[in-house]
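Hi everyone, thanks for making time. Let me put the structure up, and then I'll talk you through a few parts of it.

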Amino acid sequence: MKLEEAARSAGETTKFSATEAAEAMSYMGLAGWSADEMCEGLSGILNLAAVTEYDESLVRKLIEKITVYDDHFTVEFKSGLETEVTM
């Protein structure tokens, strides 16, 4: 139920639909993310996809970790590069 709520919330607060958010979470699960990590990182993944206008699967291939805070998030790329994004 927690994942469904996260997908619905993302559908209401991002340019992506709840179905698209759920699809993103299925890929996150395949990549080894736990349910808690998916709920915490979903908005960051979707925001990054929206900002970069890249396909979500490409974003997932490039990103190692996203940490979401109240006013910003940090993105750690698989290459080792890390950046902070202020919202």
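This is a predicted model: local features need pLDDT of at least 70, side-chain atom pairs count only at pLDDT 80 or more; totals for chains, interfaces and linings use all residues.

**The sheet, then the helices**

Residues are numbered from 1 along each chain as its sequence is written, and side-chain values use heavy atoms, with hydrogens and water left out.

Back to the strands. β2, residues 72–77, pairs with β3 in the antiparallel sense over 5 bridges. Pairing here needs at least two bridges found by DSSP, and the elements are DSSP runs numbered from the N terminus: helices are H or I with at least four residues, strands E with at least two.

Zooming out, we get an open sheet of 3 strands, ordered β1-β2-β3 and paired antiparallel. β1 (63–68) and β3 (82–86) are its edge strands, each pairing on one side only.

Now the helices. α1, residues 2–13, packs against α2, residues 18–30, at about 130 degrees, with the axes 7 Å apart. Axes are lines fitted to C-alpha atoms, for helices over the stretch in contact, and angles run from 0 to 180 degrees between N-to-C directions. So α1 is oblique to α2; that's the label left after roughly parallel (under 35 degrees), roughly antiparallel (over 145) and roughly perpendicular (65 to 115).

Who touches whom? Contact means heavy atoms within 4.5 Å. Leu3, Ala6, Ala7, Arg8, Ala10 and Gly11 of α1 meet Ala18, Ala21, Ala22 and Met25 of α2.
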